[in-house]
Amino acid sequence: MKTRYIDLIEQTFDFPKDEFKLNGDDLVWNDLPLMDIIARHGTPLRITYLNKIGEKIDQARASFAKAFAEHGYSGAYKYFYCTKSNHFSYIIDQVIDKGVDLETSSAYDLEMIELLIERGRITKESTILCNGFKDDRYIQNIGRLVNKGYHVVPIIDNMAEIYALDEIINVPCDIGIRIAAEEAPKFEFYTSRLGIGYKDIIPFYMRNVGRQRKFRLKMMHFFINTGITDTAYYWNELSKCVSVYCDLKKLCPTLDTLDIGGGLPIKNSLNFSFDVDYMIGEIVGRIKDICEENQVAEPHIFSEFGSFTVSDSGATFFRIIHQKKQNEKERWNMIDGSFMTTLPDTWAISKRFIMLPVNNWEDEYERVFLGGMTCDSDDYYNSEQHVNAIYLPRYREDRPQYLGFFNTGAYQDTLGGFGGIQHCLIPKPKHVLIERKPDGTVEDRVFAPQQSAERMLQLLGYLPQEEPVRKG
Ligand SMILES: Cc1ncc(COP(=O)(O)O)c(C=O)c1O
């Protein structure tokens, strides 16, 4: 009987697959020898493979180009990156290098944009989309940039925002309006709290936006919380939104763009199958059909893919430091870090990531649970998140076992509070950036060492705080 881990994987999945393959007993990801990286940097370890970001942007752009050609679509496509998915400078640098513009969600996001302007990374040629609910500071920051001549496009979330912006802005300004989507049937509420309801959009335009000259309505935006899925719900919401676009276009000649938001799903299992070309082809085809029925020119399409842009660049590694056998059936492999703090979505929304051992693939396997180091009983990863039971090479004290969680590049660092006070004071892991140069050589550099005890004691007020890096 075949009982090796490699046999289990080959019987269950089509393996080697995509970015995963083996070198002997060890896992290779995106042609990166993971065991060498772990040998150099230790665990727990968070890595970001920078090249992946550009690859993803190219992939989406190619899908839209293909769909536009297939459907004879006459608008243009523009890729925006939703900064909240991962704000770190090394990500934003990759994204800007690809000629991608940014979408922001808060006042502080715009302060980051101002710094990028100071550094010449963002110019007056760039477009900045400002989404989200806008408090006074966000309104002030938008106004300051618009008045200086930057192409900052506030996406109106509620009617009061337009009055507040009017107070600050004194030059012509392009705006968008966000449509509040109806939530999926399983949700606790009917309509998203973000945006303006379908039925209120036309009256809002007639009463306000259409009657003044300062604000020019250019775009309609919608974002479906459950993401882009091949479901009746998604297609229904898309159709409703495009229909409102068409109704509004008949009244508002400056309107020429539809922003379809983010929501392209990411791979969470080796079995994952999502055909990006098919979905984008369908979206483009349906937008075109509805516009044709309404005899309205098809809009330019913007997207704000966040997870899709960054998830696949991230991986997180742990070592199994001990196995606890709590009864005849339950074996707990304890990792040298925490799920709750390092991969908070596993705990908060039972999110599943691709999880694979990094070494010992030729060894026998066993069924285990994975336990984090905090003393919180919810700090675990098991079949609830993983959908299936977790199997790993059999634990042995005489050789190390490493495991990796893949596609962890979106949201985890910020939701986990990078560098802050962590649950049970389990430190943030070391973070390494990896880049393949044009000549094929791979370089890595430490972005942040493992969080120190001193830093935590500073934050907790036991040691003096560090001076802020930038004043003003
Ligand atoms: C307005 C808006 N755009 C884009 C995104 C990015 O979504 P995703 O990370 O699923 O691509 C979000 C995520 O919440 C969002 O609220």
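The protein chain splits into domain 1 (5-50 + 315-459) and domain 2 (51-310), with bounds that come from an automatic or database domain assignment. This is a predicted model, in which local features need pLDDT of at least 70 and side-chain atom pairs count only at pLDDT 80 or more, while totals for chains, interfaces and linings use all residues. Residues are numbered from 1 along each chain as its sequence is written.

The C-alpha centres of domain 1 and domain 2 are 34 Å apart. Between them, 20 residues of domain 1 are in contact with 18 residues of domain 2 (contact: C-beta atoms, placed from the backbone, within 7 Å). On the side of domain 1 that touches domain 2, the elements giving two or more residues are β4 (45-49), α15 (412-415) and β21 (430-436). Here helices (H or I, at least four residues) and strands (E, at least two) are DSSP runs, numbered from the N terminus. β21 gives the most to this side, with three residues.

Helix α5 (residues 107-118) has twelve residues and spans 17 Å from its first C-alpha to its last, close to the 16 Å expected at 1.5 Å a residue (expected span: 1.5 Å times one less than the number of residues). Asp109, Leu110 and Ile113 of α5 are buried (20 or more other C-beta atoms within 10 Å of the residue's own, with C-beta atoms placed from the backbone). Seen down the axis of α5, its buried residues fall within an arc of 95°, so they line one face of the helix; the arc is that of the directions from the helix axis to the C-beta atoms. These buried residues pack against β6 (101-104), β7 (127-130) and α6 (136-147). Just after α5, Gly120 takes a positive phi of about 80°.

Methods. Buried ≥ 20, exposed ≤ 12 C-beta atoms within 10 Å, placed from the backbone. Contact = placed C-beta atoms within 7 Å.
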